[in-house]
Amino acid sequence: MELLLVTFLAVLTVFVAMAFYYEHPTADIPHGISQRRKLYLFHYILNFGFGLGKFLDKVGITSEVHFLRAAMDGVPPLKDKHLFIKDLRFEKVKVRIYQPKMSTTGQRRGILYFHGGVGRFGSIRAYERTCRYFARKSNSVVVSVGYRLAPEYPYPTQSEDCVTATVHFMRTAQEYGVDPSRIIICGDSSGGTLTAAVAQALVNRRDLPKLRAQILIYPFLQCVDFNLPSYQQNKGVPILLKERTLALGLKYLNKDLSVMEAVFKGCHIPEDLQLKYQKWINVDCIPHEFKTRGYKPSTKHPFSEEVYAVVKPMFDTVFSPLLAEDSVIARLPETFILTCEFDVLRDDGLLYKKRLEDHGVKVTWCHLQEGFHGTLFLALYGKVIGFRSGNKGLEKIVHFLRLM
(Lines give C-alpha, C1' and ligand atoms only; values in the text may rest on other atoms or scores of the structure.)
Protein backbone atom coordinates (compact mmCIF):
# COMPACT_ATOMS: atom_id res chain seq x y z
CA MET A 1 0.00 0.00 0.00
CA GLU A 2 2.81 2.38 0.93
CA LEU A 3 4.62 1.55 -2.32
CA LEU A 4 1.46 2.27 -4.32
CA LEU A 5 1.06 5.65 -2.62
CA VAL A 6 4.69 6.58 -3.31
CA THR A 7 4.32 5.50 -6.94
CA PHE A 8 1.11 7.51 -7.32
CA LEU A 9 2.72 10.63 -5.86
CA ALA A 10 5.74 10.21 -8.11
CA VAL A 11 3.55 9.89 -11.21
CA LEU A 12 1.47 12.86 -10.07
CA THR A 13 4.57 15.01 -9.60
CA VAL A 14 5.99 14.10 -13.02
CA PHE A 15 2.69 14.61 -14.84
CA VAL A 16 1.98 17.93 -13.16
CA ALA A 17 5.53 19.08 -13.83
CA MET A 18 5.16 18.20 -17.51
CA ALA A 19 1.80 19.92 -17.77
CA PHE A 20 3.21 22.90 -15.90
CA TYR A 21 6.11 23.16 -18.35
CA TYR A 22 3.78 22.79 -21.31
CA GLU A 23 1.69 25.72 -20.11
CA HIS A 24 4.73 27.97 -20.02
CA PRO A 25 8.27 27.04 -19.02
CA THR A 26 9.40 30.45 -17.80
CA ALA A 27 7.82 33.78 -17.05
CA ASP A 28 9.00 36.97 -18.71
CA ILE A 29 8.47 39.63 -16.05
CA PRO A 30 9.79 43.07 -17.04
CA HIS A 31 11.68 45.20 -14.53
CA GLY A 32 8.96 47.85 -14.75
CA ILE A 33 6.73 45.68 -12.57
CA SER A 34 7.25 46.17 -8.85
CA GLN A 35 7.04 43.15 -6.51
CA ARG A 36 8.45 40.96 -9.31
CA ARG A 37 9.31 38.05 -7.02
CA LYS A 38 5.73 37.83 -5.83
CA LEU A 39 4.47 37.73 -9.42
CA TYR A 40 7.00 35.01 -10.30
CA LEU A 41 5.69 32.95 -7.39
CA PHE A 42 2.08 33.51 -8.37
CA HIS A 43 2.90 32.53 -11.97
CA TYR A 44 4.38 29.20 -10.87
CA ILE A 45 1.51 28.45 -8.50
CA LEU A 46 -1.00 29.24 -11.26
CA ASN A 47 0.76 27.01 -13.77
CA PHE A 48 0.99 24.22 -11.20
CA GLY A 49 -2.78 24.55 -10.83
CA PHE A 50 -3.25 24.22 -14.58
CA GLY A 51 -1.01 21.16 -14.54
CA LEU A 52 -2.84 19.57 -11.63
CA GLY A 53 -6.15 20.21 -13.36
CA LYS A 54 -4.93 18.39 -16.46
CA PHE A 55 -3.73 15.46 -14.34
CA LEU A 56 -7.01 15.12 -12.42
CA ASP A 57 -8.89 15.24 -15.71
CA LYS A 58 -6.58 12.62 -17.24
CA VAL A 59 -7.07 10.11 -14.42
CA GLY A 60 -10.82 10.70 -14.27
CA ILE A 61 -11.07 12.25 -10.80
CA THR A 62 -12.65 15.52 -11.95
CA SER A 63 -12.71 17.59 -15.12
CA GLU A 64 -10.07 20.26 -15.62
CA VAL A 65 -12.70 22.99 -15.92
CA HIS A 66 -14.44 22.03 -12.65
CA PHE A 67 -11.14 21.89 -10.79
CA LEU A 68 -10.12 25.35 -12.04
CA ARG A 69 -13.53 26.77 -11.17
CA ALA A 70 -13.21 25.51 -7.61
CA ALA A 71 -9.69 26.91 -7.35
CA MET A 72 -10.81 30.32 -8.61
CA ASP A 73 -13.67 30.45 -6.11
CA GLY A 74 -11.06 30.48 -3.33
CA VAL A 75 -11.89 30.99 0.33
CA PRO A 76 -14.98 33.16 0.89
CA PRO A 77 -14.59 36.25 3.10
CA LEU A 78 -16.23 36.54 6.51
CA LYS A 79 -19.64 38.10 7.04
CA ASP A 80 -19.77 41.83 6.21
CA LYS A 81 -21.43 43.92 8.91
CA HIS A 82 -21.80 46.93 6.59
CA LEU A 83 -23.88 45.25 3.87
CA PHE A 84 -27.18 43.45 3.36
CA ILE A 85 -26.41 40.53 1.02
CA LYS A 86 -29.10 38.48 -0.68
CA ASP A 87 -29.23 35.82 -3.42
CA LEU A 88 -32.00 36.22 -5.99
CA ARG A 89 -32.86 35.39 -9.58
CA PHE A 90 -33.45 37.96 -12.28
CA GLU A 91 -35.68 35.75 -14.43
CA LYS A 92 -33.44 32.71 -15.15
CA VAL A 93 -30.18 34.37 -14.06
CA LYS A 94 -28.70 33.97 -10.57
CA VAL A 95 -27.61 37.23 -8.95
CA ARG A 96 -26.35 38.38 -5.58
CA ILE A 97 -27.30 41.86 -4.36
CA TYR A 98 -25.15 43.94 -2.01
CA GLN A 99 -26.93 46.87 -0.32
CA PRO A 100 -25.20 49.23 2.13
CA LYS A 101 -26.78 49.27 5.60
CA MET A 102 -26.02 52.94 6.16
CA SER A 103 -29.03 55.21 5.70
CA THR A 104 -29.34 57.53 2.72
CA THR A 105 -31.65 60.44 1.93
CA GLY A 106 -32.21 59.54 -1.71
CA GLN A 107 -31.82 56.73 -4.19
CA ARG A 108 -28.43 55.15 -4.70
CA ARG A 109 -26.55 54.38 -7.89
CA GLY A 110 -26.71 50.78 -9.08
CA ILE A 111 -23.81 48.71 -10.41
CA LEU A 112 -24.12 45.45 -12.34
CA TYR A 113 -20.87 43.47 -12.18
CA PHE A 114 -19.96 40.87 -14.80
CA HIS A 115 -17.08 38.69 -13.62
CA GLY A 116 -14.11 37.54 -15.69
CA GLY A 117 -13.12 33.97 -16.49
CA VAL A 118 -13.36 33.70 -20.31
CA GLY A 119 -16.95 32.49 -20.11
CA ARG A 120 -15.86 29.18 -18.55
CA PHE A 121 -14.62 30.13 -15.08
CA GLY A 122 -15.46 32.64 -12.38
CA SER A 123 -18.57 32.96 -10.25
CA ILE A 124 -20.45 35.15 -7.82
CA ARG A 125 -18.41 33.58 -5.01
CA ALA A 126 -15.08 34.20 -6.75
CA TYR A 127 -15.90 37.92 -7.02
CA GLU A 128 -17.42 38.30 -3.57
CA ARG A 129 -14.59 40.57 -2.42
CA THR A 130 -14.79 42.73 -5.54
CA CYS A 131 -18.51 43.40 -5.27
CA ARG A 132 -18.41 44.00 -1.52
CA TYR A 133 -15.59 46.50 -2.03
CA PHE A 134 -17.47 48.55 -4.63
CA ALA A 135 -20.70 48.49 -2.61
CA ARG A 136 -18.96 49.71 0.57
CA LYS A 137 -16.53 52.22 -0.92
CA SER A 138 -18.95 53.87 -3.35
CA ASN A 139 -22.14 53.50 -1.24
CA SER A 140 -23.82 51.75 -4.16
CA VAL A 141 -26.19 48.83 -4.66
CA VAL A 142 -24.16 46.18 -6.48
CA VAL A 143 -25.61 43.26 -8.43
CA SER A 144 -23.17 40.43 -9.09
CA VAL A 145 -24.39 38.51 -12.15
CA GLY A 146 -23.93 34.74 -12.06
CA TYR A 147 -24.29 34.11 -15.77
CA ARG A 148 -24.22 30.49 -16.89
CA LEU A 149 -20.88 29.10 -18.02
CA ALA A 150 -19.57 27.23 -21.05
CA PRO A 151 -19.18 24.45 -22.03
CA GLU A 152 -22.40 23.40 -20.25
CA TYR A 153 -24.10 26.50 -21.67
CA PRO A 154 -22.43 27.35 -24.98
CA TYR A 155 -21.52 30.85 -26.20
CA PRO A 156 -23.31 33.31 -26.44
CA THR A 157 -25.45 32.26 -23.43
CA GLN A 158 -23.15 34.33 -21.19
CA SER A 159 -23.88 37.61 -22.96
CA GLU A 160 -27.59 36.80 -23.21
CA ASP A 161 -27.75 36.22 -19.44
CA CYS A 162 -25.98 39.52 -18.78
CA VAL A 163 -28.44 41.40 -21.00
CA THR A 164 -31.38 39.67 -19.27
CA ALA A 165 -30.07 40.61 -15.81
CA THR A 166 -29.36 44.19 -16.85
CA VAL A 167 -32.79 44.77 -18.38
CA HIS A 168 -34.52 43.24 -15.35
CA PHE A 169 -32.55 45.46 -12.95
CA MET A 170 -33.19 48.59 -15.01
CA ARG A 171 -36.93 47.89 -14.85
CA THR A 172 -37.02 47.07 -11.13
CA ALA A 173 -34.23 49.35 -9.85
CA GLN A 174 -36.45 51.37 -7.55
CA GLU A 175 -37.41 48.22 -5.63
CA TYR A 176 -33.78 48.13 -4.46
CA GLY A 177 -33.52 51.84 -3.71
CA VAL A 178 -31.70 52.57 -6.98
CA ASP A 179 -32.19 55.53 -9.30
CA PRO A 180 -32.84 54.01 -12.78
CA SER A 181 -30.90 56.86 -14.40
CA ARG A 182 -27.76 56.01 -12.38
CA ILE A 183 -27.15 52.40 -13.42
CA ILE A 184 -23.59 51.46 -14.37
CA ILE A 185 -22.34 48.20 -15.84
CA CYS A 186 -18.86 46.96 -15.04
CA GLY A 187 -16.60 43.96 -15.64
CA ASP A 188 -13.00 42.81 -15.72
CA SER A 189 -11.18 40.86 -18.45
CA SER A 190 -13.83 38.82 -20.32
CA GLY A 191 -16.32 40.47 -17.97
CA GLY A 192 -15.18 43.71 -19.60
CA THR A 193 -15.98 42.12 -22.97
CA LEU A 194 -19.46 41.30 -21.69
CA THR A 195 -19.86 44.84 -20.36
CA ALA A 196 -19.02 46.34 -23.76
CA ALA A 197 -21.33 43.87 -25.53
CA VAL A 198 -24.25 44.60 -23.17
CA ALA A 199 -23.82 48.35 -23.59
CA GLN A 200 -23.89 47.91 -27.37
CA ALA A 201 -26.95 45.64 -27.19
CA LEU A 202 -28.91 48.32 -25.31
CA VAL A 203 -28.19 51.38 -27.48
CA ASN A 204 -31.42 50.95 -29.47
CA ARG A 205 -33.68 50.07 -26.52
CA ARG A 206 -36.14 52.95 -26.22
CA ASP A 207 -38.15 51.10 -23.57
CA LEU A 208 -35.32 51.42 -21.03
CA PRO A 209 -33.47 54.29 -19.35
CA LYS A 210 -30.02 55.00 -20.77
CA LEU A 211 -27.08 53.46 -18.95
CA ARG A 212 -25.22 56.05 -16.90
CA ALA A 213 -21.81 54.55 -17.68
CA GLN A 214 -19.79 51.46 -18.50
CA ILE A 215 -16.54 50.44 -16.76
CA LEU A 216 -14.15 48.21 -18.70
CA ILE A 217 -11.28 46.72 -16.66
CA TYR A 218 -8.50 45.37 -18.93
CA PRO A 219 -11.07 44.03 -21.42
CA PHE A 220 -10.58 41.67 -24.38
CA LEU A 221 -12.16 43.50 -27.33
CA GLN A 222 -10.91 42.15 -30.65
CA CYS A 223 -9.75 39.00 -32.46
CA VAL A 224 -8.32 40.63 -35.58
CA ASP A 225 -4.71 41.23 -34.57
CA PHE A 226 -2.82 39.18 -31.98
CA ASN A 227 0.45 40.92 -32.90
CA LEU A 228 -0.26 44.43 -31.64
CA PRO A 229 2.58 46.01 -29.62
CA SER A 230 1.07 44.89 -26.30
CA TYR A 231 0.89 41.27 -27.51
CA GLN A 232 4.52 41.37 -28.62
CA GLN A 233 5.86 43.15 -25.55
CA ASN A 234 3.90 41.16 -22.96
CA LYS A 235 3.56 37.72 -24.57
CA GLY A 236 5.24 36.02 -21.59
CA VAL A 237 3.98 38.26 -18.76
CA PRO A 238 1.71 36.52 -16.22
CA ILE A 239 -1.06 35.91 -15.76
CA LEU A 240 -2.52 36.23 -19.24
CA LEU A 241 0.13 34.94 -21.63
CA LYS A 242 -0.33 35.52 -25.37
CA GLU A 243 -0.88 31.84 -26.20
CA ARG A 244 -3.16 31.38 -23.21
CA THR A 245 -5.35 34.27 -24.37
CA LEU A 246 -6.15 32.67 -27.71
CA ALA A 247 -6.35 29.12 -26.35
CA LEU A 248 -8.90 30.10 -23.71
CA GLY A 249 -10.92 32.07 -26.26
CA LEU A 250 -11.07 29.11 -28.65
CA LYS A 251 -12.03 26.75 -25.83
CA TYR A 252 -14.81 29.15 -24.87
CA LEU A 253 -16.16 28.92 -28.42
CA ASN A 254 -15.58 25.14 -28.41
CA LYS A 255 -13.16 25.38 -31.35
CA ASP A 256 -10.11 23.30 -32.24
CA LEU A 257 -6.82 24.70 -30.93
CA SER A 258 -4.98 23.48 -34.04
CA VAL A 259 -5.78 26.80 -35.76
CA MET A 260 -3.83 28.87 -33.22
CA GLU A 261 -0.65 29.28 -35.26
CA ALA A 262 -2.62 30.35 -38.34
CA VAL A 263 -4.62 32.88 -36.30
CA PHE A 264 -1.43 34.35 -34.84
CA LYS A 265 -0.18 34.80 -38.42
CA GLY A 266 -3.39 36.57 -39.41
CA CYS A 267 -4.54 33.87 -41.85
CA HIS A 268 -8.06 33.94 -40.41
CA ILE A 269 -9.20 37.29 -41.83
CA PRO A 270 -10.74 37.63 -45.31
CA GLU A 271 -9.38 40.54 -47.35
CA ASP A 272 -12.68 42.46 -47.31
CA LEU A 273 -12.85 42.31 -43.51
CA GLN A 274 -9.17 43.22 -43.26
CA LEU A 275 -9.87 46.39 -45.23
CA LYS A 276 -12.92 47.19 -43.11
CA TYR A 277 -11.22 46.68 -39.75
CA GLN A 278 -7.88 48.32 -40.47
CA LYS A 279 -9.30 51.80 -39.81
CA TRP A 280 -10.17 50.66 -36.26
CA ILE A 281 -7.44 48.13 -35.49
CA ASN A 282 -4.20 49.60 -36.68
CA VAL A 283 -0.84 50.18 -35.04
CA ASP A 284 -1.02 53.80 -36.24
CA CYS A 285 -3.99 54.31 -33.90
CA ILE A 286 -1.84 53.45 -30.87
CA PRO A 287 0.21 56.29 -29.32
CA HIS A 288 3.95 56.14 -29.94
CA GLU A 289 4.89 55.79 -26.27
CA PHE A 290 3.33 52.32 -26.24
CA LYS A 291 5.67 51.09 -28.96
CA THR A 292 8.95 52.11 -27.34
CA ARG A 293 9.41 48.80 -25.50
CA GLY A 294 9.58 47.12 -28.88
CA TYR A 295 7.35 46.45 -31.85
CA LYS A 296 8.01 44.62 -35.12
CA PRO A 297 5.39 44.82 -37.90
CA SER A 298 4.04 41.35 -38.64
CA THR A 299 4.62 39.64 -41.97
CA LYS A 300 1.52 39.25 -44.16
CA HIS A 301 0.42 35.64 -44.69
CA PRO A 302 -2.15 34.25 -47.15
CA PHE A 303 -5.78 33.95 -46.11
CA SER A 304 -7.12 30.48 -45.21
CA GLU A 305 -10.78 29.80 -45.88
CA GLU A 306 -10.59 26.71 -43.65
CA VAL A 307 -9.27 28.65 -40.67
CA TYR A 308 -11.84 31.41 -41.16
CA ALA A 309 -14.64 28.83 -41.17
CA VAL A 310 -13.47 27.60 -37.76
CA VAL A 311 -13.03 30.99 -36.07
CA LYS A 312 -15.83 32.97 -37.77
CA PRO A 313 -17.79 33.40 -34.46
CA MET A 314 -14.82 35.41 -33.13
CA PHE A 315 -15.81 38.27 -35.44
CA ASP A 316 -19.23 38.58 -33.79
CA THR A 317 -19.37 41.88 -31.89
CA VAL A 318 -20.49 39.97 -28.78
CA PHE A 319 -17.04 38.31 -28.79
CA SER A 320 -15.15 41.29 -30.29
CA PRO A 321 -17.00 44.51 -29.36
CA LEU A 322 -14.31 46.67 -30.97
CA LEU A 323 -15.71 45.56 -34.35
CA ALA A 324 -19.10 47.25 -33.81
CA GLU A 325 -20.31 49.72 -36.42
CA ASP A 326 -19.73 53.45 -35.96
CA SER A 327 -23.47 54.02 -35.53
CA VAL A 328 -23.38 51.82 -32.40
CA ILE A 329 -20.15 53.22 -30.97
CA ALA A 330 -21.44 56.79 -31.24
CA ARG A 331 -24.43 56.03 -28.97
CA LEU A 332 -22.56 54.36 -26.12
CA PRO A 333 -22.64 55.81 -22.58
CA GLU A 334 -19.83 57.55 -20.74
CA THR A 335 -16.98 55.10 -20.30
CA PHE A 336 -14.19 54.31 -17.85
CA ILE A 337 -11.38 52.17 -19.32
CA LEU A 338 -8.58 50.69 -17.23
CA THR A 339 -5.48 49.37 -18.99
CA CYS A 340 -2.24 47.88 -17.66
CA GLU A 341 1.17 48.47 -19.20
CA PHE A 342 2.22 44.82 -18.84
CA ASP A 343 -0.93 43.21 -20.26
CA VAL A 344 -1.40 41.66 -23.70
CA LEU A 345 -4.86 43.31 -23.79
CA ARG A 346 -3.53 46.82 -23.18
CA ASP A 347 -3.87 47.90 -26.81
CA ASP A 348 -7.45 46.61 -27.08
CA GLY A 349 -8.35 49.18 -24.44
CA LEU A 350 -6.35 51.93 -26.15
CA LEU A 351 -8.02 51.27 -29.50
CA TYR A 352 -11.51 51.26 -27.98
CA LYS A 353 -10.72 54.48 -26.14
CA LYS A 354 -9.79 56.14 -29.44
CA ARG A 355 -12.91 54.91 -31.22
CA LEU A 356 -15.17 56.17 -28.44
CA GLU A 357 -13.46 59.56 -28.27
CA ASP A 358 -13.53 59.91 -32.07
CA HIS A 359 -17.32 59.62 -31.83
CA GLY A 360 -17.69 62.10 -28.99
CA VAL A 361 -18.17 59.63 -26.14
CA LYS A 362 -16.66 60.88 -22.88
CA VAL A 363 -13.90 58.54 -21.70
CA THR A 364 -12.06 58.44 -18.37
CA TRP A 365 -8.85 56.48 -18.83
CA CYS A 366 -6.78 54.92 -16.06
CA HIS A 367 -3.47 53.40 -17.09
CA LEU A 368 -1.56 51.40 -14.48
CA GLN A 369 2.10 51.85 -15.38
CA GLU A 370 3.14 48.90 -13.19
CA GLY A 371 -0.03 46.90 -13.74
CA PHE A 372 -0.59 43.45 -15.24
CA HIS A 373 -3.69 41.44 -16.10
CA GLY A 374 -5.62 40.39 -13.00
CA THR A 375 -3.98 42.83 -10.60
CA LEU A 376 -7.30 44.28 -9.33
CA PHE A 377 -8.69 40.83 -8.55
CA LEU A 378 -5.59 39.93 -6.52
CA ALA A 379 -5.49 43.24 -4.63
CA LEU A 380 -8.62 42.37 -2.67
CA TYR A 381 -6.93 39.36 -1.05
CA GLY A 382 -4.72 41.64 1.06
CA LYS A 383 -1.05 42.63 1.16
CA VAL A 384 0.33 39.09 1.07
CA ILE A 385 -1.26 38.27 -2.30
CA GLY A 386 -2.16 41.72 -3.63
CA PHE A 387 -0.11 44.22 -5.63
CA ARG A 388 0.09 48.00 -5.24
CA SER A 389 -1.01 48.57 -8.85
CA GLY A 390 -4.29 46.76 -8.12
CA ASN A 391 -5.06 48.98 -5.14
CA LYS A 392 -4.46 52.07 -7.26
CA GLY A 393 -6.85 50.80 -9.93
CA LEU A 394 -9.58 50.08 -7.41
CA GLU A 395 -9.27 53.56 -5.94
CA LYS A 396 -9.54 55.17 -9.39
CA ILE A 397 -12.72 53.22 -10.16
CA VAL A 398 -14.32 54.19 -6.83
CA HIS A 399 -13.49 57.85 -7.51
CA PHE A 400 -15.18 57.57 -10.91
CA LEU A 401 -18.24 55.89 -9.38
CA ARG A 402 -18.68 58.61 -6.79
CA LEU A 403 -19.02 61.15 -9.61
CA MET A 404 -21.86 59.24 -11.26
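Reply: Helix H13 is mostly covered, with ten of its 13 residues buried; buried means under 20% relative accessible area, exposed over 50% and partly exposed in between, using a 1.4 Å probe and protein chains only. This is a predicted model, in which local features need pLDDT of at least 70 and side-chain atom pairs count only at pLDDT 80 or more, while totals for chains, interfaces and linings use all residues. Residues are numbered from 1 along each chain as its sequence is written, and side-chain values use heavy atoms, leaving out hydrogens and water.

H13 covers residues 346-358 and reaches 19 Å from its first C-alpha to its last, close to the 18 Å expected at 1.5 Å a residue; that expected span is 1.5 Å times one less than the number of residues. Helices (H or I, at least four residues) and strands (E, at least two) are DSSP runs, numbered from the N terminus.

Among the buried residues of H13 are Arg-346, Asp-347, Asp-348, Leu-350, Tyr-352 and Leu-356. Their cover includes helices H6 (190-201), H7 (229-233) and H12 (326-329), along with strands S6 (213-217), S7 (334-342) and S8 (363-372). Just after H13, Gly-360 takes a positive phi of about 80°.

As for the cysteines, the structure holds zero disulfides, a disulfide being a pair of cysteine sulfur atoms within 2.5 Å. Cys-131 is in no disulfide, and the nearest cysteine sulfur, that of Cys-186, is 8.4 Å away. Cys-131 counts as buried, at 1% relative accessibility. For Cys-366, the closest cysteine sulfur is in Cys-340, 8.0 Å away and too far for a bond. Cys-366 also counts as buried, at 5% relative accessibility.

Terms used
Contact = heavy atoms within 4.5 Å.
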